Amino acid sequence: MTDFINIEAEQAVLGTIIMNNSYLLRVADFLEEKYFYHLAHQAVWMRLVEVAKDSTADQITLREFFSNNIALKEAGGVKYLATLLSEAQSIIDIRDYAKELVELWKKRELNYLLTFALSNLKGNKFDSISSNLENELRGLNTQSEKRKTIHIKEEIKEIKRKRGLKIEPRIIPTGFKGLDDKLNGGFYSKQLVVIGARTAVGKTTMLQDLILRMSLAGRKCLLISLEVDSERVTLKFISNVASVPSWKIKRNMMTPIELENVVKAESVVEQIGIYINDSGDLKTSDIEMVIKNQLEKHPVDLVAIDYIQHIKYE
């Protein structure tokens, strides 16, 4: 791999989808033709998306396309189809390969943006160059809530693309049927939800119950606790699972049956996907770093912050 290009990874992604079209749905929510460096690979991706809407895109139905497309003819035509299929044999997780393509594309774009900015330093105002560069960089950083300013027609194009691929919004059920009904199924991916109420009415307890329910259902959650330390949070989770008051667990005043239930609960809780950060005194930039580090090491489905009033001003 040189110059932020990985042709083998591109071949592996396309070959795997051709072998089994169901893999397309595993990457269609974020992968686009622009992330492929090779023009022939861009053509194959667009063809796969188009054909897979109504039928199967396999080595038989794609044979004519590989024979006639100009970019693919230069790559080897039908023989190149066999090359893509051979690369599919070594792929482990198609989403990891697809994310690698996105990462390399961002590096290529960053290299271009920096080169362009440097070449335009003379004869242009700094504010003009820097604001344009900042806007473009926001568009590259897909993990950030800040996004590049776009025209609404671009968003409509994306909505149509997802509809054509039958991509449904990712919904995370809370585990509480009544609440899920109110939320139209649960929490939506990338959605910000604020729980607000008067002091001491149970906001923290509700949040902890939501996290526990979702984790017991197989979801992974990160709790950034700015008020309660991780030990007390963990005791609360164990208490809920064991149905034993947390003060009894903390003071070791349990009956034999309660102790048995607590031991079983501890075994359950330590197996579920809950991560706790109780650093405290965090600024918004610190919280952003905590979340990014978490996603890099152990991706989660939900990030919860308890609570907003304790976030320090920058």
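The questions and answers below concern a predicted model.

Visitor: Is strand β3 largely enclosed or exposed?
Guide: The model is predicted, and strand β3 covers residues 220-225. Buried here means under 20% relative accessible area. Five of the six residues of β3 are buried, so the strand is largely enclosed by the rest of the structure.

Visitor: Which residue in β4 stands opposite Ile224?
Guide: Strand β4 comprises residues 273-277 and runs parallel to β3, to which five bridges join it. Within this pairing, the residue opposite Ile224 is Asn277.

Visitor: What is the bridge partner of Ser225 in β5?
Guide: Strand β5, residues 302-306, pairs with β3 over five bridges in the parallel sense. In β5, the partner of Ser225 is Asp306.

Visitor: What distance does helix α7 reach from its first C-alpha to its last?
Guide: Helix α7 spans residues 94-119 and has 26 residues. At 1.5 Å a residue, 38 Å would be expected. The helix comes close to that expectation, with a reach of 38 Å.

Visitor: Which residue caps the N-terminal end of α7?
Guide: Buried residues of α7 include Ile94, Leu101 and Trp105. At the N-terminal end, the backbone nitrogen of Arg95 lies 3.0 Å from a side-chain oxygen of the capping residue. That residue is Asp93.

Visitor: Which residues make a nonpolar surface patch with Leu114?
Guide: Leu114 lies in helix α7. With a relative accessible area of 40%, Leu114 is partly exposed. The patch has an area of about 210 Å², and Leu114 makes it with Leu110 and Leu137.

Visitor: How many salt bridges does the structure hold?
Guide: Side chains of opposite charge can pair when their charged atoms come close. A salt bridge requires a side-chain nitrogen of Lys or Arg within 4 Å of a carboxyl oxygen of Asp or Glu. The number in this structure is 11.

Visitor: How many residues apart in sequence are the parts tied together by Arg170 and Asp301?
Guide: These two residues form a salt bridge, with the closest N and O atoms 2.3 Å apart. Arg170 lies in the loop between α9 and β1, and Asp301 in the loop between α15 and β5, so the parts that the pair ties together are separated in sequence by 131 residues.

Visitor: Which helices hold Lys250 and Glu231?
Guide: The side chains of Lys250 and Glu231 meet in a salt bridge of 3.7 Å, N to O. The pair ties together parts 19 residues apart in sequence, because Lys250 lies in α13 and Glu231 in α12.

Visitor: What is the relative accessible area of Asp286?
Guide: The side chains of Asp286 and Lys283 meet in a salt bridge, at 3.4 Å from N to O. Lys283 is partly exposed, at 28%. Asp286 is also partly exposed, with a relative accessible area of 25%.

Visitor: What distance separates the C-alpha atoms of Gln11 and His41?
Guide: Gln11 lies in helix α1, residues 7-19. At 8% relative accessibility, Gln11 counts as buried. Gln11 and His41 are 30 residues apart along the chain, and their C-alpha atoms are separated by 7.5 Å.

Technical notes: Residues are numbered from 1 along each chain as its sequence is written. This is a predicted model: local features need pLDDT of at least 70, side-chain atom pairs count only at pLDDT 80 or more; totals for chains, interfaces and linings use all residues. Side-chain values use heavy atoms; hydrogens and water are left out. Buried means under 20% relative accessible area, exposed over 50%, partly exposed in between (1.4 Å probe, protein chains only). Helices (H or I, at least four residues) and strands (E, at least two) are DSSP runs, numbered from the N terminus. Two strands pair if DSSP finds at least two bridges between them. The expected span of a helix is 1.5 Å times one less than its number of residues. A polar contact is a pair of N or O atoms within 3.5 Å; within protein, one must be able to donate a hydrogen and the other to accept it, and residues adjacent in sequence count only if both atoms are side-chain atoms. Patches are made of residues with over 30% relative accessible area and no salt bridge: like charges are joined within 9 Å, nonpolar side chains (Val, Leu, Ile, Met, Phe, Trp, Tyr) within 5 Å. Accessible areas come from the Shrake-Rupley method with a 1.4 Å probe; for residues, only the protein chains shown count as cover.
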